[in-house]
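Welcome! Take a moment to turn the model around before you read on, and keep the sequence beside you as you go.

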Amino acid sequence: VIQGYFTDLREKVAHDRDHLRSLYERILAEVPSRAGGADDALDEPTAGWADVREYVPAVLERIVDKVPAGPAFVEDGHEQIARSGVIVDNSKVDWKDRLTYSDIDNDRASVTVVVIGGNTLSRGLTLEGLVTSYFVRTARTYDTLMQMGRWFGYRPGYRHLVRIWTTPTLLDWFRELTEVEEELREELTWMQDKGLAPSDYGPRIRVSPHLNITRASAMHSVKMHLSYSDTQIDPAWIDIELPTIEHNQQIARELANGLGPYRSGGSAHSFEGVPAADVRRLIERFRFHELEKRVDPETLKRYLDEEAGHLTHWNVSFKSVAGTGERFDFGGAVGEVTTVIRARSNSEPKAHIQSVVDSNDHRLDLGPLPNGSLARFRARGEPPLLVVYAIDRTSPPRGKRVALNAPATPISIAIVLPASDSTVEYVAPALAADVLAQKADGEG
């Protein structure tokens, strides 16, 4: 089918050299090369249609006629030949028909290929000069999915041309895997700052409700259900449907109406000694976005029940930023706050904001961690924290993000839990248990 498409395309271009012009200019306009800005590494010249036009017939000829890039040669006992064209590469095709690159250092022509494959490509094969990928093969383990994603690369000078076409499900899984990896990197940075070696502390990997970390046979050396202590829960999505917004506003106001006097924390209205039942009631009734993966309400409620003896009272902070943004009235003891700006990703039709918290929001109520503490967010003995955010309904575009444009002021929450010995869905090397206990104690 693809071979026939290129054959037909070559005939159309032969009769009209500008046949592809509108397509080229439309796709290029979606992600233009950057000019200026702080990151000079992204400055790349864009070839206009007049520059590209003269090369199109030669490229189509290479693909349709499978033009060789040099004579046949023997490698690993097999005769091979580097040729352009639509190449099917899997374990069933003959060696001479598989993908082979030419040695351009010896003045041989390069190859122009459309590669279609199964198991040989799914192992993370690096494809030189890859620009466009159609990725539809699913995998339900972290390591396999990440390995297959290795060939989402680019080469300098072509970054603004790279396109990846995939399914909504796979896009969601890759996003989730990225969040897991970022969390692991943060854990490794924390280990480095504390001078801990892997033999001292096994970094945790968050479990996904949709994916497995690796095959079951490779999981024998890890402990499941380790500590959920010293953790920040930071939603990445906002539900901007009006019924959900109004519902979340209502339950946030109900919480505000039950609070006593607050102490101003500069960028927040903070309250101490809030009964756990009041916070749990809000969490239980709060409507998270259907695509939210960072919050598992059932696991969270189970954790709160298990830790009821330690989480008897919470601190609650209502974020309020300095500036001229919109105001939102929570009523009660909270009153008006200035909303926070959370523009959404320009690649999503839904409200994916990547993160609701700002740096140091986990210490809005208490200030910096005590010296010598091994905790990242909240040390043992510190109260848990609920942060409530009123989000600017417009949230104008920033950088590559677009305006939120919600019909009313959305509400989001973040939760910061202190060190404890309770359990949740993480895995880590078995050797980490004793060091996790030290981390939970906030001691050396």
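Residues 24 or more positions apart account for 71% of the contacts with a separation of 6 or more in this protein, where contact means heavy atoms within 4.5 Å. You are looking at a predicted model, in which local features need pLDDT of at least 70, side-chain atom pairs count only at pLDDT 80 or more, and totals for chains, interfaces and linings use all residues. Residues are numbered from 1 along each chain as its sequence is written, and side-chain values use heavy atoms, with hydrogens and water left out.

**The overall picture**

- The protein has ten helices and 19 strands; helices (H or I, at least four residues) and strands (E, at least two) are DSSP runs, numbered from the N terminus.
- Of the 444 residues, 41% are buried. Buried means under 20% relative accessible area, exposed means over 50%, and partly exposed lies in between (1.4 Å probe, protein chains only).
- The accessible surface comes to about 23100 Å², and carbon and sulfur atoms hold 51% of that surface. Such areas come from the Shrake-Rupley method with a 1.4 Å probe, and for residues only the protein chains shown count as cover.

**Strands side by side**

- Two strands pair if DSSP finds at least two bridges between them.
- Strand β3 (residues 85-89) is mostly covered, with four of its five residues buried.
- β3 runs parallel to strand β4 (residues 113-117), and five bridges join the two. Look for Gly 85, which stands opposite Val 113 in β4.
- Strand β5 (residues 132-135) has Ser 133 and Phe 135 on a covered face, while Thr 132 and Tyr 134 are on an uncovered one. In a regular strand the side chains alternate between the two faces of the sheet.
- Which strand pairs with β5 over four bridges? The partner is strand β6 (residues 163-166), and the pairing is in the parallel sense. Here Ser 133 stands opposite Ile 164 in β6.

**Aromatic rings**

- The structure holds eight aromatic pairs. Rings of Phe, Tyr and Trp (its six-membered ring) pair if their centres lie within 6.5 Å; planes under 30 degrees apart count as stacked, over 60 as edge-to-face and the rest as tilted.
- One of the pairs is formed by Phe 271 and Phe 318, edge-to-face, at 6.0 Å centre to centre and with 85 degrees between the planes.
- Phe 271 lies in strand β11 (residues 268-275) and Phe 318 in strand β12 (residues 313-319), so this pair ties together parts that are 47 residues apart in sequence.
- Phe 318 also pairs with Phe 330: the ring centres are 4.9 Å apart and the planes are at 65 degrees, so this pair is edge-to-face.
- Phe 330 sits in the loop between β13 (327-329) and β14 (336-338), twelve residues from Phe 318, and the pair links distant parts of the chain.
- Phe 330 counts as buried because its relative accessibility is 1%.
- Ring pairs link Phe 271, Phe 318, Phe 328 and Phe 330 into a cluster.

**At the surface**

- Val 1, Ile 2, Val 88 and Ile 116 form a nonpolar surface patch, and together they have about 370 Å² of accessible area.
- Patches are made of residues with over 30% relative accessible area and no salt bridge, where like charges are joined within 9 Å and nonpolar side chains (Val, Leu, Ile, Met, Phe, Trp, Tyr) within 5 Å. A salt bridge is a side-chain nitrogen of Lys or Arg within 4 Å of a carboxyl oxygen of Asp or Glu.
- Ile 2 is in helix α1 (residues 2-15) and counts as partly exposed because its relative accessibility is 35%.
- Glu 61 lies in helix α4 (residues 56-65) and is partly exposed, with a relative accessible area of 42%.
- Leaving aside neighbours within four places in sequence, Glu 61 is in contact with Arg 10, Lys 66 and Val 67. The C-alpha atoms of Glu 61 and Arg 10 are separated by 7.3 Å, although these residues are 51 residues apart along the chain.

**Two backbone angles to look up**

- Most residues other than glycine have a negative phi, and most peptide bonds are trans.
- Asn 360 has a positive phi, near 75 degrees. Asn 360 is in the loop between β15 (344-345) and β16 (385-390), and counts as exposed at 53% relative accessibility.
- Ser 395 has a positive phi too, near 40 degrees. Ser 395 is in the loop between β16 and β17 (401-402), and counts as buried at 0% relative accessibility.
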